[in-house]
Number of protein chains: 2
Amino acid sequence: MTTAAELDAADPLASFRDRFVIEDDLIAYFDGNSLGRLPLATRDRLESFVREEWGRDLIRGWADRWVDLPTVVGDEVGALMGAAAGQTIMADSTSVSLYKLLHTAIDLRPGRSEIVVERAGFPTDRYLVEAVAKARGLDVTFVDDPTDLTQIVSERTVVVVLNHVDYRSGLLLDVATLTNQIHAAGALALWDVCHSVGALPIDLDGAGIDLAVGCTYKYLNAGPGAPAFLYVAEQHLAAARQPIEGWWSAANLFAMGEQYEAAPSMRKMLSGTPPVGGMIAVQEGARLTAEAGTEAIRTKSVALTSFALGLIEAHGLDTVTPRDAARRGGHVTIRHPQARQVTAAATARGVLPDFREPDLIRLGLSPLSTSFVEVEAGVAVLADVISSIG
Amino acid sequence: MTTAAELDAADPLASFRDRFVIEDDLIAYFDGNSLGRLPLATRDRLESFVREEWGRDLIRGWADRWVDLPTVVGDEVGALMGAAAGQTIMADSTSVSLYKLLHTAIDLRPGRSEIVVERAGFPTDRYLVEAVAKARGLDVTFVDDPTDLTQIVSERTVVVVLNHVDYRSGLLLDVATLTNQIHAAGALALWDVCHSVGALPIDLDGAGIDLAVGCTYKYLNAGPGAPAFLYVAEQHLAAARQPIEGWWSAANLFAMGEQYEAAPSMRKMLSGTPPVGGMIAVQEGARLTAEAGTEAIRTKSVALTSFALGLIEAHGLDTVTPRDAARRGGHVTIRHPQARQVTAAATARGVLPDFREPDLIRLGLSPLSTSFVEVEAGVAVLADVISSIG
């Protein structure tokens, strides 16, 4: 077996690790898919934003730069997902963005009566689907196995909400096949790409995806609470509506006219003043990702997760992550009955995974900032903790 | 007449100006009610947040600090508005927050059929009232004169949405009297305090206000796109619902259970991951405001606006701002047919007011960072520009 050091030496993306702040008190940071590390460029850019843009330019910053950040940065994030310009925008949190898109979907498919969502999908997705369905008088159908929707989606279905990569197991769904199954019933496909954007290529336009939403504080390294993005395919843009019509979604932001008229562009999906510092951090993270390239990132990611799964197996640990690299995203997850205690003990020893109810220890392996040596050392500590607990 | 220099010398808050970055290329910054200046403490705190908290602590920051910022910072902002702890929370933009509270109000007053809003209020308020009323099947009644609601509010009224300080004229409404008029009809009072928080005392609890919303990038100096806050009076908290039910509003954020159960506290008003950097900036701005004291700030604010109005009158200019100090907020507004050109020409000469359609030049006089000498110099330039244009 190739050693971790050899894998690092052969890794064409290895130097990207030097572009991040690497904490010196940790053996391994396995939470880059919960909160990504800080890029040095982002640190510097945020400091110059605060000192020079906000501090010095003040209101003038809005007029000539900040006002366009939702679409400019949105397009840069869109480019990482195979989205042509004009379809992606930075706005609110993922939850608020998803809320908007669910209403958008319902208005695009009048007369249909059901929203489909994974039973085990990310909680906010399920919660919002239930809340919006109730408010709009629709039913919710839960899917246990999202890998085949042919028996699920029907002429009743408005939209199917799917997680590209499962936040627990790391299961990677086949976007093209599932989107085709959804479209065969005339329904819309809404993909939550929180756990895939920045970790692997996504072909939003090519797969004919209708709507998508995702966050930026994971693999895009934009910091805690950084704004989410939402995507509306060009073919739906003219008809798309959203429920939170504020001054930022109006055709003329500063006309402040009596009658609301929605912007014709993706700006119609905005509501209030977007967070400037957050969008700037997203821009830096997106540029770092673009520089490395999503194909190269995916290659490294598969190598990292394969390496981690090999170590997990060698240590005799149980995993819920697919062995088939084509069916998993950027994280691997260990199952252990004392997962909570293992996570706490590992954290105390400088290895930071993520505990997920009820018995999962999730290892996020951020391709740009995680080394193979780090993975090896971290999994060794986890195995040691587990053997001492077990 | 006392000179500007004498007024500055006698100003007990004069030293607070030194706590801000004061741009050296400007004669006068009259846009502190659009985007407040950068406090030095905020600059330093944001830099240490990025370097030490995000960069070093990474995911650990959530566990022991960031997760509570929405309520901790919310309470600090609430304290500036006479709100006891547990009723104010930092969350999304003002628009999203108002959207939530409109739905909250409708659910608190079932069977009623109308929302009342000012015809000339801030656009996002009007737009959202119309959007939510339409979605929920309610009527909208527009008020031309918000200073007396006795003939407007009825047993049909769900909620009245009022701007504490008018964004154009600076008219300051009488919160206690109007809230009593609204309550006499059994309706709810929802106050938009964007243009008053940080500029004058607000007695949310004392006036019996039901719901409030406000932004933090004006007088609280929290930076472009900083998060807004929303307030729900304690008496309504148990019954209050909001439409965007995400994981952050759930009773247990990390349980990620199958069934959504709303948090019993103000956290029920959250949706997705809140912006950490933004909340930290709000906290610094709120602390600076608390240190100065809202009563002292109001005294300085009245002195600044009185001084500015005197200068405006002396220069023979027209204003739409009330002469009675008790009836105006923290800004004064000049009316001039060439307002747009005047604003552009003044900006080119280092004086930054705000143009507002169709003929208004707004002068925001942020009490903590604006000096009387600055006001005098800035109004002189405006008068000179106007005389050369006129």
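The structure is a predicted model, in which local features need pLDDT of at least 70, side-chain atom pairs count only at pLDDT 80 or more, and totals for chains, interfaces and linings use all residues. Residues are numbered from 1 along each chain as its sequence is written, and chains are lettered from A and ligands numbered from 1 in the order in which they are written.

An assignment, automatic or from a database, divides chain A into domain 1 (4–39 + 293–389) and domain 2 (46–291). Their centres, taken over C-alpha atoms, are 28 Å apart. Domain 1 of chain A gives 30 residues to the contact and domain 2 of chain A gives 22 residues; residues are in contact if their C-beta atoms, placed from the backbone, lie within 7 Å.

In chain B, 4 strands form an open antiparallel sheet in the order E9-E10-E13-E12. Strands are DSSP runs (E, at least two residues), as are helices (H or I, at least four), numbered from the N terminus; two strands pair if DSSP finds at least two bridges between them. E12(B) and E13(B) pair over 3 bridges, and Phe355(B) stands opposite Ile361(B) in E13(B).

Two helices of chain B lie against this sheet. Angles run from 0 to 180 degrees between N-to-C directions, with axes fitted to C-alpha atoms, for helices over the stretch in contact.

| Helix | Strands touched or crossed | Angle |
|---|---|---|
| H11(B), residues 339–348 | E12 and E13 of chain B | about 45° with E13(B) |
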